[in-house]
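Reader: I have a structure open and some questions about it. Can we go through a few spots?

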Amino acid sequence: MARIAEEVGTPAYVYSAATLLHHYDAVAAAFSELDPIICYSIKSCANVHVCRRLREQGSGFDVVSGGELYRAVAAGGDPAKIVFAGVGKTDEEINQAIDARIGWFNIESEAELENLIALARRRNASVRAALRVNPDVDPKTHRYTSTGKKETKFGVDLERARRVFNQYGRQDSVRLTGIHLHIGSPVNTVEPYVAAIEKTLALIDELRADGFAIDTLDIGGGFGANYKGSEAPPAVKYAEQIVPLLRGRGLRIILEPGRSIAANAGILLTRVLYRKTSGERDFLIVDAGMNDLIRPALYEAYHFIWPVRPAEGFVTNDRGVDLNRPGLRLMDVVGPVCESGDFLAKDRMLPPMDRGDLVAVFTAGAYGFVMASHYNSRPNPPEVLVEGDQYRVIRRRETYDDLLAAELL
Ligand SMILES: *Cc1c(COP(=O)(O)O)cnc(C)c1O
């Protein structure tokens, strides 16, 4: 890490290829009995090199925009293993996806489906679609990331799903032969999946009885990642309860994991700029801010933070930190952005650190760089991929010229 910081500078996102592939393989192995199509959710960590490594491992892609479809194709993604979700697909994006011959459109509303039918007809195309249903289960996650309750903008409820099939399920331009679910993220228990899948299987039975040939069930993503300790079940724990529900059902199963693959495959590497005490509070001011990693500000998300080289006597990278250990200090870790919401951590017991020390912000591989912005005109950090004992810059640090590049000087 010190070498990367020296050569690439800070802040920087650093990913481990081995961890990324290890997480992918764990999902693939856990669900292997169902022979699922695993569509890595690009929005969690979108770098084309990351996507390419996962594609080489057999992954397809879950995309939610034309830009992500562009990335999936650039990464060499097999179009047949691309699914396209999102409540607001534009005509351009839909046409782009029809032309790319993607595997499935995941449909979120009647209006969208009607538009897809019209656009497919205009192109004389026949596309495959899955209807996103909203099984009304509570995934018990943050209100901003819960998507499977009745009152969200995503999908249609089960009752409405029947009507959608009756109205649109018997035409050829859009073959409506799948059901899609994505109940939220992160979902750190298996029960919401079980409840959602059971409700959905009942719907599929009814639809089949009515003559609709449902052959695909996409159960979405949302598997948890360990931010604090071991709060997220490993892939096998999800599979243990999900696989028995789905075996022998004559359904092609699709999974869309993002966070569970990427989150712990990446850290944000940052450097201490200053220490400051205000009143009773100790602040550690680092060179990464909310524009680089917005999750703490946006979702009150927890990221474990620890010095890369802790002072003598403090263990390296152990999330089971003994908070009563003498010498630890209660600190807020904050960035340079002009917002009081610009913090990476609040009330954290940390070893003594000084100007110049390197700090690792853990579990930053998912929803980290992809949510970076230029707020305060801060160029985006680079992304680095470590493979074995080598590292490669897979996205360079932006320059001031990049900030102005689109402003037509
Ligand atoms: C975001 C998203 C995912 C991935 O969720 P994770 O929690 O990162 O696994 C999968 N499917 C859809 C439709 C999504 O919007």
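Predicted model: local features only at pLDDT ≥ 70, side-chain atom pairs only at ≥ 80, totals over all residues.

Reader: Which residues come nearest to the ligand?
Author: Lys43, Ser185, Glu256, Arg259 and Tyr367, out of 14 residues around the ligand (a residue is near if one of its heavy atoms lies within 4 Å).

Reader: And by class, what is in the shell?
Author: Three nonpolar, seven polar and four charged residues. Here Ala, Val, Leu, Ile, Met, Phe, Trp, Tyr, Cys and Pro count as nonpolar, Asp, Glu, Lys and Arg as charged, and the others, Gly among them, as polar.

Reader: What lies 2.5 Å from a nitrogen atom of the ligand?
Author: A polar side-chain atom of Glu256. As for ligand oxygen atoms, a backbone N or O atom of Gly222 is 2.8 Å from one, and a polar backbone atom of Gly258 is 2.9 Å from one.

Reader: How much of the ligand's accessible area does the protein cover?
Author: 94% of the 380 Å² that the ligand has on its own (Shrake-Rupley method, 1.4 Å probe; for residues, only the protein chains shown count as cover).

Reader: New topic: Tyr238. Buried or exposed?
Author: Tyr238 is buried, at a relative accessible area of 0%. Buried means under 20%, exposed over 50%, and partly exposed in between, with a 1.4 Å probe and protein chains only. Tyr238 sits in helix α9 (residues 235-246); helices are DSSP runs of H or I with at least four residues, strands are runs of E with at least two, and both are numbered from the N terminus.

Reader: What does the Tyr238 side chain reach?
Author: The backbone oxygen of Val187, at 2.6 Å.

Reader: And Ser173, where does it lie?
Author: In the loop between α7 (158-168) and β8 (174-180). Ser173 is buried too, with a relative accessible area of 11%, and the Ser173 side chain makes a polar contact with the side chain of Arg121 at 3.2 Å. A polar contact is a pair of N or O atoms within 3.5 Å; within protein, one must be able to donate a hydrogen and the other to accept it, and residues adjacent in sequence count only if both atoms are side-chain atoms.

Reader: Last one: which residues are buried in α3?
Author: Val50, Cys51, Arg53 and Leu54, in a helix spanning residues 48-56. They lie on the same side of α3 because they cover an arc of only 160° around the axis, taken from the directions from the helix axis to the C-beta atoms.

Methods:
Residues numbered from 1 in each chain as written. Heavy atoms only, no water.
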